[in-house]
Structure formats: structure tokens, C-alpha cells
Amino acid sequence: MSMNGAESNNKTTIYVSDLPLETTQDFIHQIFRDYGNITQCELKPRKPGAKSIGAFVTFENHEQASKAIEECNYMRINDSVLRIQWQMINPYLHDNQSNLVIKDLPPKVEEASLNQHFRKYGEVLSCRIIKKFNGKNIGYVQFARVEDANRALDDLQNALIEGQPIYVDKFIPHEDRADIPVQLPHQAIHISHQDASFLTDDKIKQTFSKFGSILEVFNIENYVIAYFADTAGPAKIIQDGEITQKGYTVSVRVPNHITMRVRQIIDSRCVFLADLTTTNNQAIRDHLSKAGKLVTFEIQEKSPSQLLASAQYESEETRTKAIETLDRTTFEGQETPIRVLPYKARSLARQQPTAGLLMLDEIEYNTTYLDLRKKYSQYGEVITVSICPTPQATLVGFVLFMKYEDAQKAKAESKNAFLFPPVVSSQVLNCFYSAPKAKNNLLFAFNLPADKTQEAILTQFTQIGGSLNFIKTVQTETGRHALIQYRDDAGLIPAIKYLKEKNINYQIYTMNTLFKSSIMLYKVEMPNDYNGRFLFFNNLPENYSSGQIYNILTEKGFAVEAVNMAYNFETFEACTRASVLFKTVESAYSCFSNYTVLTEFPEITVQAFTNSALSSQQPIAQAVPQVQPMRRQEIKRPRQYLTDKTKERTDISDELKNKILEKIPKLSIIQVNEFSHDENKWNEYIKTI
């Protein structure tokens, strides 16, 4: 029986993921040309903030495509490992019974070797490893057939990989895990007794306190859980034989939903610390103890340039006090402010987007984090806040509300405010502390002498110590303010000491919230009422803020709700892009059709705003045509192209020409593709020869 057209296409088209961002169609052809005739190659559009891209590659026949998968799957290109599968194969659409989870994988095991190990049992559709900080990685292997997964499961019980035992089991979807027994937190233990009178709080504490300090006894759906101050208590109880003689039964495993509830209670008492520069355990403990008694504290080094920590208080009230009073404070050994945030609960990772993130443009200078929290707490529970400077030396505030409805109320009464679509609070918290790639060493000095010029301030802070990347001053009614960015803390710390000595008010800021929120806008699920009201502006003049753009559009008669500037994550440069949310679809379409009236922006281009959540929707109803990006001319043999172009040049000496010709064969594939399509980058490279 012959295959229909769609089936035939699926059997000749492969999907290649995790390609380097610089990948071109020429590059794809060079990778796969040895495996057959490529009839079509399509690169997926690059998403903002993405670290890789994907491509669909169609071969002349099934055998060629199959060979490409066989030979190139998990091929390493520079720092990327390619993953290749048949087009349209979505592992999540297959029977979950054919999906295996492999726990405790050694750190050295790569996806290629894991795939090789499991494919002997049958066709493997996908194979992925999740890296864990503790080195015990988790792998997921999806088979095409349940029978093959069962054979692998039976054969690999008590198996070893690189001498280390692994645990293989069927993957269970999250929605089916409620009643599966899972382990409680290490400080908790489940206690049961046939006589309910033995399970009162007083009786539990009287009987079990000899094993350790009991902080609290929970009764959740008749599951009695004793929660200890440390992990030693439950461990001692498990080993003690006298408890069973008294009629008690103890266990560290309860149904998953009970464990999740216990974790939520514990998490409500924990804080997450970021932007630490000191590893002095006692100094951090002493500082956190100002809010109340600590139960646990732990420092974790996420990377050489990033210290994180977590701490648990005795009660939720104490934890709230710590967030409100210790966030953005300093102490001995910590010159720059730390962030004290609600703990990022893993148990809440799958919750629905119900939180509200409000962005406030051009807030007043000298506004503190505490000021911002107090002002917006009147609208509802505030999880956390942030303040970021812009390249125009204005300040942007961010307020994360527990409930989206509260953020809506605050938005209605705020000027120049942008309300993001509903977000998951636990997934947004990483926007509120520093990241290694973000520009975090920004110092804002307030109320400097009005007679000092920007050049004089630049000279003064350069002499204090350190090398400056950026300085911008602004004169307001309250005085002259200066935004200064140092290359590193070597300049930042002396500047802080100088400002303290001169009693000059200052703030240290992180750019992470500003950068990551811009990226997040392209990924979050858009409410239906946002559809059709977004436009994306490019090539804006450098010195405009979102407030100025808002005012200009409004003056031209367009009904604008909010403006969101799209700042560059990697650099602290003046922003030339913005996403504009209009009040109506009609107003958005009017601006799209008549943006030439915006004479203040002579070089702008305007197009419909799209993100990954809007890929199947019409962004400006169905009236606005989509702006299709121009595809650059495909160069079949880029290395030969560079060689020919070099030989043709008459503006360089023969000696330099020969040196260039010697370099071309040594260029990487990515460099060849980049230089052949970008003459400016090629000329810049030649200058280095």
C-alpha cells in the first residue's frame, strides 16, 4: 500500500534542533550533503533570547534521511550538540507507557551514549538528559513501541552505567502522580497509630521530641506529619525499634499530594538570597537573624560569579518580615545590596499563570524598593519589587503581584504603566536578581552639585578608582543625578565608599529585571484581548524613553495603552526598539497604516508583534498584512566565494591578499558562512590579519 503525500514527506524530512544561532542554509547543506540530495531546507525563525535554532531538512528519499539521522544525531558542533528526529514526531503524543525515566545517571554520560545504549531495544524517538547540581542526572528515553520500552525496563533493573547503579522506571505524567507515594522533605516524617488519641500535637511532641526539636505537627487529610528542626530527628526515629513497640508506625513516604502540601507549607517560611558577594556564613546568618530565628541556612555556588543561598524561618510571618526589612540591604563584608526574595518553590513550577507583573516607566528619582513596595501594597499582596535604570538615566519600576487582578487595579491608577500578561510567580522570580551576563554594576548617585558637568563627574569618578563603561547625567528640579557603570567591582566598591564619606545618596541597581522582562514578553501566553493590539517598532531614535514615545503617539491621535522598550540583554545601549500595546485593534491598524505621520521617528519600521504564543494567531486581526523578513541570497560555496572575492580586490596589497588566502581554508564553517554574507564583518576580520 503506497503512502500518501503527507506520510511520504514525514519519512523524508528530518528536524534538526540545537543548531548554533549563526547557522545558515549553506551550513546545513555542508553538514548533510554527504548523505544524499537535499530538496528543501527551512530554518525556523530565531526567537528573542534563544540560544539555538532549528531547521527542517528534506531529502530525496527515506534512505538518505534515515542515514542522516543515523550518522549525525548528537553530532557536536562547537559547543552545540545536534538533536535530530523525524519531522512531526512529538514524543508527548505517544503512549506514556513507552516513555522511560532513568535516574542517578553519572555526570559523564552524554545523550549520544544513552541513546546508543537504549536503541538496541528498539526505535528511540527522543533521548534527553537533565543535568542536576548534585551530579545525579535524569534521563528520558521515548520509544516508538511500548513493547520495546518494556523490554528495556525489564533488562535494566539493577543495571550499572560506568560502574554506578541507575534506576529505570516508567515515566508518569504529572497529572497522574497525586497518589503515588513519594518521599517527604528530609526534616519530616509521617506518624500513624491505631488510637487517634496518640496523634495529638502534645502527644507527638512528648513522644518524639527526644529524637530532636519538633518545630510543628501538621495534620493534612488525617496524615500526621512531624516536622523537625533538622534531618537527624527523622533518621533516628526510623532506626529506633521502641517506637513500633508503642504501637506507632512511621514512614518517610506519603502520597504525592500530601508531600506537595508539606513542601508548600515549608516553602512559605523560606527565603531565597541572591547577589551575595561574601561567603562568610556567620555574617549572613547574623544579618538574616535580625528578622527572627533561623531554622536552616545554606549557601550554594551556582557559578564562579554567582552566589545563591536559601534560609528557613520558624514561621511565615517571620519570613514576610525578612523580605520586607532585609531585601536590598548590606552588612559587614557585603558592600552591595543583597536580594531577599520568596523561595522559588519547585513544587509550584506547574502552577497556572495567575500573578501580575507591572512595569512602571520613569518613576521618581530617590524611590527606594521599600517605597515601591509600600505604595503598591495597597492594591494587593506584593511578592517582590525591582528598580532598574535605563540608558537615558531614567528609572523603571517593577512590581510583582500575587494576583493578576490586583496588578490590573494598580495599572488603572498608574501613569505610563505596562501590565504583562499573567505570569507564573515562581518562574518570574529569577528576573529580580542579578545574572552573570547582565550588567549589574550600575551606580546611581543622586543630588550631586548642580554646577558639575558630565565631564567633571566622569573625571572625578575615574580618579576614585576603576574603569568606567558608561556615564549619563540628568538635571532635574531636585538636582543633578548621575548613572555610572563600572567594568567590575574594582571601581564600584571605592565609589560606594566615597559616596558614603560625602553623605551622598546613591543606589546600586541590577539590569536583570529590565532585560529578562523584555525577553519574557515574547514567550508568555497572550490573553485573547491582547491579540491584534500589539505593534513592534524598530529603528527608533536612541534618546527616547517609553514615556516620550507614549506621548508622541498619543499626540498624533493614536489610542496607546502602554509602551515596552526592548532592551538588549548583552549590552547597556540606548534602546531603538519597542513593543506598543494599543487600546483597540482599530487604533493599532491605523498606526500600522499611517506611521509615516510620526515625523519624530524618520527611520522607523513598524510591523505586527508576534511571539511564540501567538504563532497560530493573526496579530492585527486579519486586516494587517504580515511583514515577511527578507531572505538573504544563498551562497552555495561560501569558502570559494571568499577566495574569489579576495582575489578580485584591488584595494589591498598583494602581501595582505596572500595572507588572507592562507587564512580562508583555516576558517570554521560558521565563520565562512558569516563572513560570506556580511561584508562589514569580513572587513573587520581582515583588519586583524
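1. Basis. The model is predicted, so local features need pLDDT of at least 70 and side-chain atom pairs count only at pLDDT 80 or more, while totals for chains, interfaces and linings use all residues. Residues are numbered from 1 along each chain as its sequence is written, and side-chain values use heavy atoms, with hydrogens and water left out.

2. Sheet order. Four strands form an open sheet in the order E8-E9-E7-E12, with antiparallel pairing. Strands E8 (124-130) and E12 (167-170) are at the edges with a single partner strand each, so one side of each has no neighbour in the sheet. On average, neighbouring strands of this sheet are turned by 15 degrees against each other, direction ignored. Strands (E, at least two residues) and helices (H or I, at least four) are DSSP runs numbered from the N terminus; two strands pair if DSSP finds at least two bridges between them.

3. Pairing of E8 and E9. Strand E9 (residues 137-143) runs antiparallel to E8 and is joined to it by 6 bridges. Within E9, Gly139 is the bridge partner of Ile129.

4. Helices on the sheet. Helix H4 (residues 111-118) packs on the sheet and touches E7 (99-105), E8 and E9, its direction making about 140 degrees with that of E8. Helix H5 (residues 146-155) also packs on the sheet, touching E7, E9 and E12, and its direction makes about 150 degrees with that of E12. Contact means heavy atoms within 4.5 Å; axes are lines fitted to C-alpha atoms, for helices over the stretch in contact, and angles run from 0 to 180 degrees between N-to-C directions.

5. Aromatic pairs. The whole structure contains 21 aromatic pairs (ring centres of Phe, Tyr or the six-membered ring of Trp within 6.5 Å; planes under 30 degrees apart are stacked, over 60 edge-to-face, the rest tilted). Phe418 and Phe420 are edge-to-face, because their ring centres are 5.0 Å apart and their planes stand at 90 degrees. Both residues, Phe418 and Phe420, are buried (under 20% relative accessible area; exposed is over 50%, partly exposed in between; 1.4 Å probe, protein chains only).

6. A pair between loops. Tyr544 and Phe601 are also edge-to-face, at 5.2 Å centre to centre and 90 degrees between the planes. Tyr544 lies in the loop between strand E31 (534-538) and helix H18 (546-555), and Phe601 in the loop between helix H19 (585-594) and strand E34 (605-608), so the pair ties together parts 57 residues apart in sequence. Tyr544 is partly exposed at 22% relative accessibility, whereas Phe601 is buried at 2%.

7. Gln64. This residue, Gln64, is found in helix H3 (residues 62-72) and is buried, with a relative accessible area of 15%. Not counting residues up to four places away in sequence, Gln64 touches Tyr35, Gly36, Asn37 and Phe59.
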